[in-house]
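Biologist: I am new to this structure. Please take one part and look at it closely. How is it put together?

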Amino acid sequence: MEGHEYSLRGRVFHTIREDILSGKYEKGEELKEIAIGNELGVSRTPVREALRQLELEGLVSIIPNKGAYVEGISLKDIRDIYEIRSLLEGLCTRWAVEAITDEQLKSLEENVDLSEYYATKGDFNKVFELDSRFHEILYEASGSKTINHLLSDYHHYIQRVRRVTIATEGRAYKSNGEHRNILNAIKDKNAGEAERLATAHVLNTMNNIKNYGLENLLAKAEKN
């Protein structure tokens, strides 16, 4: 029973968090426990617990005697996340050079090949999925549960911006070229070069966002 309650709380938490990050709820919108509970088919208790957990993550603010309100991801949050990611992705990739398995290396190679194919077809939704998976494989290959957890969360928080920026002119091809260079450095067991390339990859994405304007990209993300 305890396991069931835990899985229920987890499901409610992840559902609400996904709805906030996907833009279903707007910044400042009230999150009503009864309405969410009815939508998810659960009581108010797991909803209340999920909202408290989301407050700890900074995605929700709870005002006593008033209610819970969406904070979401701000422009500063996005900038901060990219700066932090640039450092952590480099470290993650350095560790992956030493710990990656043959199966994970093969998955990375297949990922890059498929991404090149779908980019030529203009299927940027598929390219986005493959981009996400490329980084997930690296997180897993690092052998660190801590860095996997941190980077997976950061990656997820900015998914709407990532989805839009990868479809900007030429970015899908450049990004995949950067992925292939990272892959080659890992295959060569060159940890320093792999770290440098992974850090540069995230910074290049951030510069691409700056070139197009973060506000403009967020506005596009709202429409998707």
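**The sheet and its helices**

Modeller: Strand β2 is joined to strand β3 (residues 67-70) by 4 bridges, and the two run antiparallel. This is a predicted model. Strands of a sheet pair through backbone hydrogen bonds, either parallel or antiparallel.

Now widen the view. The sheet is open and has 3 strands, in the order β1-β3-β2, with antiparallel pairing. Its edge strands are β1 (30-31) and β2 (60-63), and each of these pairs on one side only. Helix α3 packs on this sheet and touches β1, β2 and β3. The direction of α3 makes about 115° with that of β2.

Next, follow α3 to its neighbouring helix. Two packed helices are described by the angle between their axes and the distance between the axes. Helix α2 spans residues 33-40, and helix α3 spans residues 44-56. They pack at an angle of about 115°, and their axes are 9 Å apart. Angles of 65 to 115 degrees count as roughly perpendicular, and α2 and α3 are therefore roughly perpendicular to each other. The crossing of α2 past α3 is right-handed.

Which residues meet there? From α2 come Glu33, Ile34, Ile36 and Gly37. They meet Arg44, Val47, Arg48 and Leu51 in α3. By type, the residues of this contact of α2 with α3 are 4 nonpolar, 1 polar and 3 charged.

To put the part together: α3 packs on the sheet, and α3 also packs with α2.

Technical notes
Residues numbered from 1 in each chain as written. Predicted model: local features only at pLDDT ≥ 70, side-chain atom pairs only at ≥ 80, totals over all residues. Heavy atoms only, no water. Axes fitted to C-alpha atoms, helices over the stretch in contact; angles between N-to-C directions. Parallel < 35°, antiparallel > 145°, perpendicular 65-115°, else oblique. Left-handed = near helix turned anticlockwise from the far one by under 90°. Contact = heavy atoms within 4.5 Å. Nonpolar A, V, L, I, M, F, W, Y, C, P; charged D, E, K, R; others polar. Pairing = 2+ DSSP bridges.
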